[in-house]
Amino acid sequence: MDMRTPLNKVRGLGAAREGTEHFWRQRVTAVANVPLFLFFIGFIIKYNGKPFAEVASALHNPIVATIVALMVISGIVHMKLGMQMIIEDYVPVEWQKVTLLMLNTFFSFLLGGLCLFAVLKIGFAG
Amino acid sequence: MANVTNNRPLSPHLQIYKPIPTMVMSILHRITGGALYFGTILVAWWLIAAASGEAYFDYVNAIFGSWFGRLVLFGYTWALVHHMLGGLRHFMMDFGYGLEKELSTRLAKAQIVASVVLTILIWIVGYMAR
């Protein structure tokens, strides 16, 4: 006989053994993305067409660098989760699905790594 | 014996239904999400260019500034704005608001209008700031 409460049964389980983690992380990063990307849009509006030195010194500012880095992290996690959902929805063949899910992870980490390195390089320069 | 799996009846798919605003916005949310996924390459490219020095930065800026580059960036802006507005609509619906038939349809229609208007506004302001 199962003595667990329904809540305990559902907590942290489900087919993928992670309960609502995917759903929740998608929402948390979505909320974070709103102000972070609004800042980025504002930044691009202000610095589009400006010479290199001006853009680099703006990105050199610790606050700006931190916000851009956070935008990269939140954005990359959000897009990885989203693409994972698309793959799981539309790819029925198991080996193809697993391959694409791995490629999704590699692609996301690669882009995230490149962006973060670039932001930190500018941030630490000079 | 006949192939049981292949003979199973299929549920009707997208093309069976008449497209309605909420459905079109839902599909567009996924399409813009997928587009933004690859659009992140542009953000990464630009950040790498800024970290690589003046010569490469100017080179990438020239590509982004060409008519084709601007077209792609305009599309990226719209996808970002549309996806963000769709996300805000989803937050509201996650909390159980705006689910009534008329209201949800009106909000879906408002989303496409707002995303186009905001995208154009962002570009106007962007050009004025130059």
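Predicted model: local features only at pLDDT ≥ 70, side-chain atom pairs only at ≥ 80, totals over all residues.
Local features need pLDDT of at least 70 and side-chain atom pairs count only at pLDDT 80 or more, while totals for chains, interfaces and linings use all residues. Residues are numbered from 1 along each chain as its sequence is written, and chains are lettered from A in the order in which they are written.

Between the chains, 24 residues of chain A are in contact with 24 residues of chain B (C-beta atoms, placed from the backbone, within 7 Å). On the chain A side, α5(A) gives the most, with seven residues; helices here are DSSP runs of H or I with at least four residues, numbered from the N terminus.

One helix pair spans the two chains. Helix α4 (residues 62-90) of chain A packs against helix α2 (residues 21-52) of chain B at an angle of about 130°, with axes 10 Å apart (axes are lines fitted to C-alpha atoms over the stretch in contact, and angles run from 0 to 180 degrees between N-to-C directions).

Within chain B, helix α4 (residues 67-94) and helix α5 (residues 101-128) pack at about 140°, their axes 9 Å apart. These two helices are therefore oblique to each other as well. Among the residues that meet are B:Phe74 and B:Trp78 in α4(B), and B:Leu107 and B:Trp123 in α5(B).

Technical notes:
Contact = placed C-beta atoms within 7 Å. Parallel < 35°, antiparallel > 145°, perpendicular 65-115°, else oblique.
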